[in-house]
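Please consider the following notes alongside the model. They are set out as numbered points for discussion.

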Amino acid sequence: MAKKPVNGGFFLNSDLKSLRGCDSVAGVRQGINPPNPYNKYSAEYIGEPPPTKLEVFEETSTKRIITKAFASDWEGGWRYTVNCYRGCVHGCTYCFARQYHEYLGYGAGTDFETKIVVKSNAPQLLRQELKKCRDKMPHLDFSFATDPYIALEAEYKLTRQCLEVCAEFRVPVGVITKSPLVTRDIDVLKRLRKVTVFFSLPFLTKEKSNPFEPYTPVPEARFRAMKTVADAGVEVGIGIAPVIPGYNESDIPGLLERAKDCGATRAFMSLLHLDTDSIEEYFVAKMHERLPPTRVNKIINTIKRERGGSLRHKTYNERMMGTTEQWEVTQKLFEFQARRLGFNARPNVSENGPDEAVAPVQEQRRLF
Ligand code: SF4
């Protein structure tokens, strides 16, 4: 596969001590990347592609760490995100952040899962930026381009240091993760002015999760972490994202029940969206590898029904919405169960004004 070298500001971290627990997983994977639309050349392997290995690049030239992600209806403003890493070893096949790796000249397939860029100066940048813009920053989300608690975070502690900066500047925070590593930072989370930790949990069992989330902590581990964080007095939620039509709708009631038992009080759900050709290609290829053909056909046909004949949404606004009665039923199922169990009972904006606001559930949904 042709690859554009990453220029200045990166160096390869050859200290594999920091990769404990990751390189053994990556070592058995074979490199598969859809052609990168930003690269002039691409190549196909004759025969088996080579095995991948985990590579970590420390980026020393990052200029900004707060990203103005997208406009939201929330207070007529914008959403702002912080991501200390690029790429994600969790390797969810549906992940919309895969496309961002193509901007670096990498592939949206196994490159996204095994070539991880570490923004080593993230905490310093965050402090500098908040000094200038704290009064315009209603809320920061830790998510959107990677999981803030990938295994490398155990060593680098960049998310932790950034949360400490947020505590100092009293910025309300949202964290979205699939990793129990977040429990390490309960002490910092408790110091934040306002925080909600959402656990992304779209499947009830390991067996259901594995074809789509092959390298994430299993659902049971995420539920355990959810309970630990909730027991510590930090607000937690569940993100049932994505709902893959024809696959995991039936998990919704059970997921909400389990989340409730683990102390969650917030919940959102969102439909699968495959944002680019590369993501669609990788998602479909991995389904064929990991599920029986009849199951794959059922999922593909159901997605196509939702999307009016293709696997992709036609406009950005349709990204989160299905078009069939089946999708309406799914939404009603979620809303009914969420209401019955008392989720999202608390209003999004407190009487104390916008700075006390938490990320509204609708807006959290749009992160996915
Ligand atoms: S954990 Fe989140 S960021 Fe990482 S691959 Fe999965 S969906 Fe993408």
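1. Helix 12 covers residues 293-306, and its 14 residues reach 20 Å from the first C-alpha to the last. That is close to the 20 Å expected at 1.5 Å a residue, the expected span being 1.5 Å times one less than the number of residues. Helices (H or I, at least four residues) and strands (E, at least two) are DSSP runs numbered from the N terminus. Following helix 12 is Gly 308, which has a positive phi near 70°.

2. The buried residues of helix 12 are Ile 299, Ile 303 and Glu 306. They lie on the same side of helix 12 because they cover an arc of only 60° around the axis, the arc being that of the directions from the helix axis to the C-beta atoms. An α-helix has 3.6 residues a turn, so residues three or four places apart point the same way. Pro 293, Thr 294 and Asn 301 are exposed on the other side of helix 12. A residue is buried if 20 or more other C-beta atoms lie within 10 Å of its own, exposed if 12 or fewer, and partly exposed in between, with C-beta atoms placed from the backbone. The cover over the buried residues of helix 12 includes helix 11 (277-290) and helix 13 (325-340).

3. This is a predicted model, in which local features need pLDDT of at least 70, side-chain atom pairs count only at pLDDT 80 or more, and totals for chains, interfaces and linings use all residues. Residues are numbered from 1 along each chain as its sequence is written. The mean pLDDT (the predictor's confidence in each residue, from 0 to 100) of the protein chain is 87, and 85% of its residues reach 70 or more. Over residues 1-27 pLDDT stays under 50, and the model has 49 contacts beyond four places in sequence for this stretch. Residues 349-360 also have pLDDT below 50, with 24 contacts in the model beyond near neighbours in sequence. Two residues are in contact if their C-beta atoms, placed from the backbone, lie within 7 Å.

4. The protein chain has 14 helices and 11 strands. Of its 368 residues, 43% are buried. Among contacts between residues at least 6 apart in sequence, 77% join residues at least 24 apart.

5. Phe 144, in the loop between strand 7 (140-142) and helix 5 (153-156), has a positive phi of about 95° although it is not a glycine. Phe 144 counts as buried because it has 20 C-beta neighbours inside 10 Å. Lys 157, in the loop between helix 5 and helix 6 (158-169), likewise has a positive phi, near 55°. Lys 157 is partly exposed, with 16 other C-beta atoms within 10 Å. A cis peptide bond, with omega about 5°, joins Ala 241 and Pro 242; Pro 242 is in strand 10 (residues 235-243).
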